[in-house]
Amino acid sequence: MRAAVERDLALWWHQNARDLPWRFGRTSPWGVLVSEVMSQQTQMSRVVGYWEAWMNKWPDATALAKAPTAEVIAAWGRLGYPRRALRLQECAGVVSEQYHDQLPHDYESLVALPGIGDYTASAVMSFAFGERVAVIDTNIRRVLGRAFLGVESLGGSTSPVERTLAWRVLPEAAAQSVVWNQGVMELGALVCTAKQPGCDSCPLRSMCVFLAAGRPGLGERRTRPRQRFQGTNRQVRGIILQSLRDLPDGQSVVTYDKLRELWPDRAQLDLCIDSLEHDGLVEIVDGHAVRLPQ
C-alpha cells in the first residue's frame, strides 16, 4: 500500500506540478531559499514576478548583501511583511561572509541564519540539497492529517503527533522523499484545499481515511478572532512604504504633510512612522519626513 501511495503521488506530481521558476533544478540553493522566504504568508501567484526580478538583480547572497537597503525594501514591493526583506539581506551578509557565498548544507547551520526557521531550513535541505528531511507546512499538515489520521488540521503550532506522522510516512530513499515533500505540498495547494477539496481527482483518494469517514469536520479551524486589515497599523505602514516606492526618480523623501494627506489620523500615523523607523524600514529626516534607509 505504501509503495502504491508513493507511486501514485509521484505520478500526479510529475503531471500536475506548477512550472515555478525555482523548481526542477533551475536555480541555486540560494534561489530556493529566497523563494521560500518570499512565499511565507504570500500567495504563490504573487511571488513569481517578484522572485524573478529579485534574482535578476541580486542572483546570489553577496550581491544582495552589498545592495543599498533602500533598494531592497523597494524591490520587496507588495509582498507584505517587509521586515522579511531586511532579514533576508541580513542572512545574505552572513552567507557571504561566513560561508563564502554558499548556503551551508546542514540543518543546524541553516536554522542559525537570520530569519530562517525550521520550515525554511527543512525546505532548503529537501528541495535544494535533496536530503531526506520532513518538510512541514500548512498544506502538508492538512493533507497528512486527513489522509492518514482522518482528522482536520486546526492550525496553530505543529503538534508532536503531526511531526511524528510527517517523519513516519516520509519515504526512506532521499530522492523519493524530495518528490514526496513536493507532491504533498502541491496536493494541499491545488487539490486537498481547506474548504473545497477536490477528492475526486486526488491521487490519495483510495486510501484517504478522511474521505472514507465522510470528511468529518471539513473546513473547521481553530477558533480565533477574525483578523481585519482596514484601519490597522499594518495598513498604515504599508501606505507609508508604498508612498516611498512611488516617488519619481531623483526624489527620496516624502514630507509629513504628504503623509497626513494619505492618512489623516495623526496619532496613528506618528505611531506607524516610529515603528517603521524602529524596524529599520525608514529613516526620519527634517523633523517628520521619511525616506528609505540610506
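Accessible areas here come from the Shrake-Rupley method with a 1.4 Å probe, and for residues only the protein chains shown count as cover. On that basis the accessible surface of the chain comes to about 15200 Å², with 51% of it belonging to carbon and sulfur atoms. The structure is a predicted model, so to speak in its terms: local features need pLDDT of at least 70, side-chain atom pairs count only at pLDDT 80 or more, and totals for chains, interfaces and linings use all residues. Residues are numbered from 1 along each chain as its sequence is written, and side-chain values use heavy atoms, with hydrogens and water left out.

As for the overall picture, the chain holds 15 helices and three strands (DSSP runs numbered from the N terminus, helices being H or I with at least four residues and strands E with at least two). Its C-alpha trace spans about 70 × 45 × 30 Å along the principal axes. Of the 294 residues, 46% are buried, that is, under 20% relative accessible area, where over 50% is exposed and anything in between partly exposed (1.4 Å probe, protein chains only). Taking contacts (heavy atoms within 4.5 Å) between residues at least 6 apart in sequence, 63% join residues at least 24 apart.

Helix H8 (residues 118–128) has eight of its 11 residues buried, so the rest of the structure largely encloses it. The buried set in H8 consists of Tyr 119, Thr 120, Ala 121, Ser 122, Ala 123, Val 124, Met 125 and Ser 126. What do they pack against? The buried residues of H8 meet helix H2 (29–39), helix H7 (107–111) and helix H11 (174–190). After H8 comes Gly 130, with a positive phi near 70°.

Next, a helix pair. The axes of helix H9 (residues 138–149) and helix H10 (residues 160–168) come within 10 Å and cross at roughly 80°; axes are lines fitted to C-alpha atoms, for helices over the stretch in contact, with angles from 0 to 180 degrees between N-to-C directions. That makes H9 roughly perpendicular to H10 (65 to 115 degrees; under 35 is roughly parallel, over 145 roughly antiparallel and the rest oblique). On the H9 side the contact is made by Arg 141, Leu 144, Gly 145, Phe 148 and Leu 149, and on the H10 side by Val 161, Glu 162, Leu 165 and Ala 166.

The loop between H9 and H10 includes Gly 156, which is partly exposed at a relative accessible area of 48%. From Gly 156 to Gln 251 there are 95 residues in sequence and 44 Å in space, C-alpha to C-alpha.
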